[in-house]
Amino acid sequence: MNESASSMLLIGIGTSGCSIARSVADSFGESLRYILADTDAKSGDLGGPFTLIGSNRLSGRGAGGDVVAARLAAEDSLGSFDTLIEGVRLAIVVTALGGGTGSGATLEVVKHLSDRGIPSCVFATTPFAFEGADRQRNARGVMNMIEEAANACFFLPLDKLVESDDQTMGDAMNKAISIMARGMTLFWRLATKPGYIRLDAERMRHLIAGSGKGRFASVLVQGENRAEKAVEELRNSKLLLDSSGPVRAMLCGVLAGDDLRLSEIGVISEGLRLSFGERAGFELATVNDEETFSGRLAVVLMLFESNGRTDAEEEEAAKTNEAVRRRRKQKAVLGTGPTGRGRFNNAEPTIWNGEDLDVPTFIRRNISLDY
Ligand SMILES: Nc1nc2c(ncn2[C@@H]2O[C@H](COP(=O)(O)OP(=O)(O)OP(=O)(O)O)[C@@H](O)[C@H]2O)c(=O)[nH]1
Ligand SMILES: [Mg+2]
């Protein structure tokens, strides 16, 4: 694994997040630094480096759609991530929001990465409309918080990722996983493979660190006028439409074999600028990979926008936070929680007159609270 590749870590969280990460690792073809993390022990069967989250609390059975339980479970397990993230300069987190673990654990892991000074970029699908209100609520409740904790995030609505009308649910789900995996594999190649206009992991880290919320899409084209085709497909991509704010900056990656022509780069940069914002910052990178892309051309486009937030989203976030606070309080009274100091484990305690002031007074004095 080259240095650029080993300083980036892919983390798949939750059952679908683990599947996507595992597919990326498989389709990348070479070694890629990754970990799979789930509250469900079954994800360990996918093979690859696996971390079971919150085994004491959830017994390896998954969070059953409970975001709060998954957040607390992840909090218990954060210490086990520390050795896994050693030397990491940029973490790419992939998950599917809607269940408990993907929604809850992702938030805690991203906050932990941020506490450790590691920038993170989250790629998360949001549930199909047909999945119902509970799953939508689970997703909406954490999106703002993930957005705040992560350096960059891309939410990909499954309804837009695949046309679900004329196919079975299973097909739509499987297709979604393969589209996500393809996009992420391209992203990985972009940051780790050499090209004429090179973007390595360090540059990617720098770009991601100040990015915020964005939209992401990728296309793979071939044949005549392939550059024009790529622009056309991206212009029509549902994933890139419906901006919640103007595009502030674009990152465009062109991945191709030895036959990539200068004129094609011109068509792509011009076409994308015209389509998505002539005044937005534009960064272009190329990857030259004859073995993978011979005769083909892939374009990855990341659009970064301003952070627009609806009242409903704010409300959902406040509710989930409140539920976590309540459960933490119960945990403190019942003494069922871990004895560690979570993300403050490595911080100096504030000792005064022999008492650790970082521990709340009611716990230090053994006072049980009525509620
Ligand atoms: N593409 C795809 N998406 C899926 C599949 N199963 C679930 N999803 C999506 O992923 C979301 C989260 O589901 P899971 O990954 O099963 O949930 P989880 O994060 O493991 O959470 P818990 O099981 O509650 O701990 C769902 O709401 C769906 O939108 C699948 O087979 N394929
Ligand atoms: Mg699960």
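# Exercises on a ligand site and its surroundings

The side chain of Ser-16 has an N or O atom that lies 2.7 Å from an oxygen atom of ligand 1, which falls under the term polar contact (a pair of N or O atoms within 3.5 Å; within protein, one must be able to donate a hydrogen and the other to accept it, and residues adjacent in sequence count only if both atoms are side-chain atoms). This is a predicted model, in which local features need pLDDT of at least 70 and side-chain atom pairs count only at pLDDT 80 or more, whereas totals for chains, interfaces and linings use all residues. Residues are numbered from 1 along each chain as its sequence is written, chains are lettered from A and ligands numbered from 1 in the order in which they are written, and side-chain values use heavy atoms, with hydrogens and water left out.

**Exercise 1.** Determine which residues come nearest to ligand 1, and describe the shell around it.

Step 1. The shell holds 22 residues, of which Gly-65, Thr-101, Gly-102, Glu-131 and Met-173 come nearest; a residue is near a molecule if one of its heavy atoms lies within 4 Å of it.

Step 2. By class, the shell consists of eight nonpolar, twelve polar and two charged residues, where Ala, Val, Leu, Ile, Met, Phe, Trp, Tyr, Cys and Pro count as nonpolar, Asp, Glu, Lys and Arg as charged, and the others, Gly among them, as polar.

Step 3. At least two shell residues come from each of α2 (14–28), α6 (100–115) and α9 (169–192), with helices (H or I, at least four residues) and strands (E, at least two) taken as DSSP runs numbered from the N terminus.

**Exercise 2.** Is helix α4 (residues 67–77) largely enclosed or open, and why?

Step 1. Ten of its eleven residues are buried, so the rest of the structure largely encloses α4; buried means under 20% relative accessible area, exposed over 50%, and partly exposed in between (1.4 Å probe, protein chains only).

Step 2. Among the buried residues are Val-68, Arg-71 and Glu-75.

Step 3. The N-terminal end of α4 is capped by Asp-66, a side-chain oxygen of which lies 3.0 Å from the backbone nitrogen of Val-68.

Step 4. Val-68 and Arg-326 are 258 residues apart in sequence, yet 9.8 Å apart in space, C-alpha to C-alpha; Arg-326 belongs to helix α14 (residues 311–334) and is partly exposed, at 48% relative accessibility.

**Exercise 3.** Locate Ser-59 and Asn-225, and give the phi value of each.

Step 1. Ser-59 is in the loop between α3 (55–58) and α4, has phi near 50 degrees, a positive value in a residue other than glycine, and is partly exposed at 46% relative accessibility.

Step 2. Asn-225, in the loop between β7 (212–222) and α11 (226–235), has a positive phi of about 50 degrees although it is not a glycine.
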